[in-house]
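Here is a colleague's note for a first look at this structure. Please read it with the model open.

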Amino acid sequence: MASEDITKLVESLAKTKVGGGQLSFKGQSLKLNTAEDAEGVFKQIEEFDGLEALRLEGNTVGVEAAKVIAKALEKKSELKRCHWSDMFTGRLRSEIPPALIALGDALIAAGAQLVELDLSDNAFGPDGVRGFEALLKSPACYTLRELKLNNCGMGIGGGKILAGALKECHRKSSTQGKPLALKVFVAGRNRLENDGATALAEAFGIIGTLEEVHMPQNGINHPGITALAQAFAINPLLKVINLNDNTFTEKGAVAMAETLKLLRQIEAINFGDCLVRSKGAVAIADAVKEGLHKLKELNLSFCEIKRDAALTVAEAIEDKTELEKLDLNGNCLGEEGCEQLHEILEGFNMGTVLGSLSDDEGEEEDDDEEEEEEDEDEEEEEEEQQQLKERGQGEQESLTPKKIIDSQDSTPVPSPPVDVATFLAFPSPEKLLRLGPKCSALIAQQTDTSDVEKVVTTLLRISSVFKDEASVKTAVHETTDALMKKAFTSATFNSDAFVTSLLVHMGLLKSEEKVKVAPSLYGILMTLNHMVQQDYFPKSLAPVLSAFVTKPNRALDSCSFARHMLLQTLHQL
């Protein structure tokens, strides 16, 4: 190293900030290429007692330099926060994974227990995720609370690797009795798209402790948004959702609105530039009106929302006393609509919360919007048909586009009568509802509860029609309650034999005899989640269920949301 370079390095290191257990090299533009270049940093880290936070942002670290820094970190068991964003400027992508592996291995060797890991603004791509995959799966990250990976170019592949690592971290930490309890997740500008977002949604559903999710600018469309919405629904502590600059359309917006109705801690919603359009905005407004009393910020800017829908949003915030900002800029209100919006908010004494409307697009003609919506419907239909081909014919009925159904011009045909035998032979939500208000009593009466196999078979058929639709869900719950209350209170019913048979039919326990396994476990898992909370359910069976549902299983993995909910409930019993 030239003498002038050494002088510059010494000057830079002199600016190093120390305090509160933190050692910071932030923004010093250090060019650490070789082992020799990193000696000064190595020495400061090595000599720092009680190191809890290390800031390396705004520098550039090569592989050899990273290995030297890693040597110093191997003895820093108290390290909790790694602020390592923007630390590979000008590096080849191939350099970043080995550098991250060296640093990660050092943290694992040290026995560190991280609380925060920030690798944002490092353009490492999918291969870079491999560089810290082992770290994420290790005990060093069992305590992780904040994971920040903004603007890393992970792509779909990186998103899937990351999701897998988070799930594995949760699984391993759970066996230690302290499941991963991640609170903050940041992954904006990563081109995750639908597949990457869906993979991460599965991980979020398993974790269940998120408070903030920031995933703007990821090219996510309504299938990915819907998957995220389902995951958010089982993260009840969520306070901040930032999905700015993705493409919801009405379907994604409606799915997200349904989730918002379930969340009680939400403080900030950023769906700006997400194309929620008018119908989506109205759905979100309904969710806001029904609850969200802690809401401080609502951003629906640049979403092609028309005047009436925007006014509906304004009316929904009437009792939101905590609200500080409402952003409806860049929509299609027109001059009159903007005035009406101001009037409504002034009437609530909330005129100051409204952001600028300087970029309003003006009121659109109805014909223009109808044309756009028709184009959108056609695009979504094509996308859904493609999904049907990929998923197989089995799911085709439930995913048939509504427009195709509506377009069939036919005279309604009277539905044939339904009895219990018909329903149990070929179960469907419609048949269960058509049995009428006495369906629960009828099925319970006609099931011989002294026969464990019959009870299990009947329960599986009832649960197979489970849907999140309120009427169907209620019918399934009531019918299950009537059947199982009768069974468990019967002196001749063998509870242990019941749970054994149920596990066999779910494919979670092997049997010497050939048994038909349930094709999908989603319905039975959701039904069990309700059932185990009832007074009639023997609490002694909870540990047995928990032990088998926790085990690795492909069928369970495909129903991760339902599985997580059941395990969470069983844990609380």
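1. Start with helix α25. Its buried residues (buried means under 20% relative accessible area, exposed over 50%, partly exposed in between, with a 1.4 Å probe and protein chains only) are covered by elements that include α7 (193-207), α8 (222-232), α22 (522-531), α23 (542-550) and α24 (554-557). Contact here means heavy atoms within 4.5 Å. Helices (H or I, at least four residues) and strands (E, at least two) are DSSP runs, numbered from the N terminus.

2. A word on the basis. This is a predicted model, in which local features need pLDDT of at least 70, side-chain atom pairs count only at pLDDT 80 or more, and totals for chains, interfaces and linings use all residues. Residues are numbered from 1 along each chain as its sequence is written, and side-chain values use heavy atoms, with hydrogens and water left out.

3. Which residues of α25 are buried? They are S560, F561, A562, R563, H564, L566, T569 and L570. The length of the helix agrees with expectation: α25 has 13 residues (560-572), which at 1.5 Å a residue should span 18 Å, and its end C-alpha atoms are 18 Å apart. The expected span is 1.5 Å times one less than the number of residues.

4. On a 1 Å grid over the protein atoms alone, a cavity is a set of points where a 1.4 Å probe fits but cannot get out; a pocket is an open set with protein on both sides within 12 Å along at least five of seven lines; lining residues have an atom within 4 Å of a point. Grid points are joined across faces, edges and corners, and a volume is the space filled by probe spheres set on the points.

5. Ala, Val, Leu, Ile, Met, Phe, Trp, Tyr, Cys and Pro count as nonpolar, Asp, Glu, Lys and Arg as charged, and the others, Gly among them, as polar.

6. The structure holds 1 cavity of 30 Å³ or more. The largest cavity has a volume of about 40 Å³. W84, L100, L103, G104, L117, L119, F132 and L135 line it. Helices α4 (96-110) and α5 (125-137) each give two or more residues to this lining; α4 has the largest share, 3 residues. By class, the lining has 7 nonpolar residues, 1 polar and no charged.

7. The structure holds 18 salt bridges (a side-chain nitrogen of Lys or Arg within 4 Å of a carboxyl oxygen of Asp or Glu). E116 pairs with R81, the closest N and O atoms being 2.7 Å apart. E116 is buried at 5% relative accessibility, whereas R81 is partly exposed at 30%.

8. R307 forms a salt bridge with E336, the closest N and O atoms being 3.7 Å apart. R307 lies in helix α11 (residues 307-316) and E336 in helix α12 (residues 334-347), so the bridge ties together parts 29 residues apart in sequence.
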